[in-house]
Amino acid sequence: MNKSEIKAFLKSMFPQLESSTLDEFVDCCDYKKLAKGTELIQEGKRHQFFYLISKGSVKSYYLKQGKEICTWFAFEKEMISTIKSFNGLPSNETIKLLEDSELIRINIEAFKTLAKTKITVSHLLIDLISEYAVF
């Protein structure tokens, strides 16, 4: 997926963003095609990205006494992250791909910097975090 395809995907998800803002948003992104079983975010480790699923699915879980406790699933056109990642802290959960997947990877710090100058991106950040909290 090239930059124009990433922009088209972001526009389909966030139609409220202006073209110039989308261009800046795309600069925070890259495309990843990863295999089933890949751990995107690992419990106990810091992670500097969040993701949007273009194709595929994931599950989130944590370990309790050596057993996986699943907390949520995500599918196409949904966000993947952990609240702790947004705050630069080690994750309290692992996020693993359930199938071969295509993802838009977004640098958290670059996105937060953009949100400081673009009110629509700031509102989008609030919406994304709120959506995650509802999981």
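Trainee: Which residues do ring pairs link into a cluster?

Mentor: Happy to start there. This is a predicted model, so local features need pLDDT of at least 70 and side-chain atom pairs count only at pLDDT 80 or more, while totals for chains, interfaces and linings use all residues. Residues are numbered from 1 along each chain as its sequence is written, and side-chain values use heavy atoms, with hydrogens and water left out. Rings of Phe, Tyr and Trp (its six-membered ring) pair if their centres lie within 6.5 Å, with planes under 30 degrees apart called stacked, over 60 edge-to-face and the rest tilted; the cluster linked by such pairs consists of Phe14, Phe25, Phe50, Phe86 and Phe111.

Trainee: How many aromatic pairs are there in the whole structure, and what is the angle between the planes of Phe25 and Phe111?

Mentor: A search of the whole structure finds four aromatic pairs. Phe25 and Phe111 form a tilted one, 5.0 Å centre to centre, and the angle between their planes is 45°.

Trainee: How many residues apart in sequence are the parts that this pair, Phe25 and Phe111, ties together?

Mentor: Helices (H or I, at least four residues) and strands (E, at least two) are DSSP runs, numbered from the N terminus. Phe25 belongs to helix α2 (residues 19-26) and Phe111 to helix α4 (residues 108-117), so their pair ties together parts that are 86 residues apart in sequence.

Trainee: What kind of aromatic pair do Phe50 and Phe111 form?

Mentor: Look at the geometry: the centres are 5.3 Å apart and the planes of Phe50 and Phe111 make 75°. That pair is edge-to-face.

Trainee: Is Phe50 buried or exposed?

Mentor: Buried means under 20% relative accessible area, exposed over 50%, and partly exposed in between (1.4 Å probe, protein chains only). Phe50 has a relative accessible area of 0%, so Phe50 is buried.

Trainee: Which ring does the charged end of Arg105 sit over?

Mentor: A charge sits over a ring if NZ of Lys or CZ of Arg is within 6 Å of the ring centre and within 35 degrees of the ring normal. For Arg105 the distance to the centre is 3.9 Å, and the ring is that of Phe49.

Trainee: Which residue's backbone oxygen does the side chain of Ser101 reach?

Mentor: Ser101 is found in strand β8 (residues 101-107). At 1% relative accessibility, Ser101 counts as buried. Its side chain comes to 2.7 Å from the backbone oxygen of Glu99.

Methods: A polar contact is a pair of N or O atoms within 3.5 Å; within protein, one must be able to donate a hydrogen and the other to accept it, and residues adjacent in sequence count only if both atoms are side-chain atoms.
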